[in-house]
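Please read them with the model open.

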Amino acid sequence: MPTLEEQRFDELIAADARVEPRDWMPEGYRKTLVRQISQHAHSEIIGMQPEANWISRAPSLKRKAILMAKVQDEAGHGLYLYSAAQTLGTPRDEMFQALVDGTAKYSSIFNYPTLTWADMGAIGWLVDGAAICNQVPLCRASYGPYGRAMVRICKEESFHQRQGFEILLELMNGTDAQKAMAQDAVDRWYAPSLMMFGPPDGDSPNSQQSMAWNIKRFSNDDLRQRFVDMLVPQAEALGVTLPDPDLRFNEQTGHYDYGQLDWDEFHEVLAGRGPCNGQRLAHRRKAFEDGAWVREAAAAYARTQAQLEKV
Ligand code: ACO
């Protein structure tokens, strides 16, 4: 026999209404949200690194300013998401610590290197494009603070995606060497961006329950398919080739069939053995240690202010 609290929670979910921080919720729901939201926050924070790598080498002042703003947006996304996760009772320090200790997951995609300027275009177009596809449905996530944070994040991600597309478009209208650089970046980022949606549905232990709780609205494979269908006409407009010989339109399903992804590579990256995992974590740890004095100063200031308010 469900308790009154359980009944109320089930009713909220059945009515597709929002669960708020003070509402009772099952421990599993709380844990799932902290897991997903904190992983998402860590992805935004680690995700600053591959592009920050190009700020000082952007080809013009305008490009530099745009890229800087984009990297700053990612920091902001991380902070909204940590705030949303905190409303579930997990302190931010604990989440940060898990990231620097290497015990927390963050998106596989950020463990690949950014070798040329065209990678800024491919990241914007493919990585932010995949992020939008995955994250627009999260604006309707049943947990209020998460859904609301996602609305602003998605608006900013749309701008990021367009700036990436525009970088590639400019390169594709340039010299042969620029076109080759754009194609090479697309070749390297295409498959990893498809893996961002997570393992195939049959190997996704969390999807079913997360969908039943209206946290996730679509399965990993459904969103991946939506992304591929969206990319094909955009690739045609750009004049780039998507690196998949099996990619073709299926008249029966009305979708594009695509080739097998290398899931061994995905699991290697998740296990910490991707091309840049070590570098990304080392950099984050150093930034965390270097920022200790700022945290201590802020805490000391807060203590002094609290004492002054008492006087
Ligand atoms: N990179 C790293 N880990 C992943 C990835 C990925 N691309 N895809 C799945 N995983 C992990 C899951 O976190 C889960 O691990 P855990 O149980 O230890 O937490 C495991 O692989 C199994 O996957 P699923 O059961 O499919 O997990 P889930 O239902 O959480 O779905 C997904 C994964 C789609 C990433 C979901 O968590 C999600 O939508 N998260 C919010 C979006 C997000 O985090 N985006 C980050 C990158 S985009 C960006 O920041 C620009």
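In which loop does Asp 23 lie? Asp 23 is found in the loop between helix 1 (4–14) and helix 2; helices (H or I, at least four residues) are DSSP runs numbered from the N terminus, as are strands (E, at least two). The model is predicted, so local features need pLDDT of at least 70 and side-chain atom pairs count only at pLDDT 80 or more, while totals for chains, interfaces and linings use all residues. Residues are numbered from 1 along each chain as its sequence is written, and side-chain values use heavy atoms, with hydrogens and water left out.

1. Asp 23. This residue counts as buried because its relative accessibility is 18%; buried means under 20% relative accessible area, exposed over 50%, and partly exposed in between, with a 1.4 Å probe and protein chains only. The side chains of Asp 23 and Arg 8 are joined by a polar contact of 3.4 Å. A polar contact is a pair of N or O atoms within 3.5 Å; within protein, one must be able to donate a hydrogen and the other to accept it, and residues adjacent in sequence count only if both atoms are side-chain atoms. A polar atom of the Asp 23 side chain also lies 2.8 Å from the backbone nitrogen of Glu 20. With neighbours within four places in sequence left aside, Asp 23 is in contact (heavy atoms within 4.5 Å) with Arg 8, Leu 12 and Arg 18.

2. Positive phi values. Asp 16 is not a glycine, yet has a positive phi of about 55°. Asp 16 is placed in the loop between helix 1 and helix 2, and counts as partly exposed because its relative accessibility is 44%. Asn 214, also a residue other than glycine, has a positive phi near 60°. Asn 214 is in the loop between helix 9 (207–212) and helix 10, and its relative accessibility of 13% is why Asn 214 counts as buried.

3. The largest pocket. Its volume is about 950 Å³. Of the 42 lining residues, Gln 39, Asn 134, Met 196, Phe 197 and Gly 198 are the closest to the centre. Two or more lining residues come from each of helix 2 (27–46), helix 4 (61–86), helix 6 (118–135), helix 7 (144–172), helix 10 (220–238) and helix 11 (263–273). Helix 6 provides the largest share, seven residues. The lining has 18 nonpolar, 14 polar and 10 charged residues. On the terms used: on a 1 Å grid over the protein atoms alone, a pocket is an open set of points with protein on both sides within 12 Å along at least five of seven lines, where a 1.4 Å probe fits, and lining residues have an atom within 4 Å of a point. A volume is the space filled by probe spheres set on the points. Ala, Val, Leu, Ile, Met, Phe, Trp, Tyr, Cys and Pro count as nonpolar, Asp, Glu, Lys and Arg as charged, and the others, Gly among them, as polar.

4. The ligand. Which residues come nearest to it? Of the 30 residues around the ligand, these are Gln 39, Lys 105, Ser 108, Ser 204 and Lys 216; a residue is near a molecule if one of its heavy atoms lies within 4 Å of it. An oxygen atom of the ligand lies 3.0 Å from a polar side-chain atom of Arg 35. A polar backbone atom of Asn 206 is 2.9 Å from a ligand oxygen atom, and an N or O atom in the side chain of Asn 220 is 2.8 Å from a ligand oxygen atom.

5. The second largest pocket. This one has a volume of about 350 Å³. Its lining consists of 18 residues, with Ile 45, Met 48, Gln 49, Ala 52 and His 283 nearest the centre. Helix 3 (48–52), helix 4 and helix 12 (277–290) each give two or more residues, and helix 12 gives the most, with five. By class, 11 of the lining residues are nonpolar, five polar and two charged.

6. Two further buried residues. Pro 50, in helix 3, counts as buried because its relative accessibility is 2%. Outside four places in sequence, Pro 50 touches Phe 110, Thr 114, Met 120, Ile 123 and Arg 280. Glu 156, in helix 7, is buried, with a relative accessible area of 16%. Beyond residues up to four places away in sequence, Glu 156 touches Asp 73, His 77 and Tyr 80.
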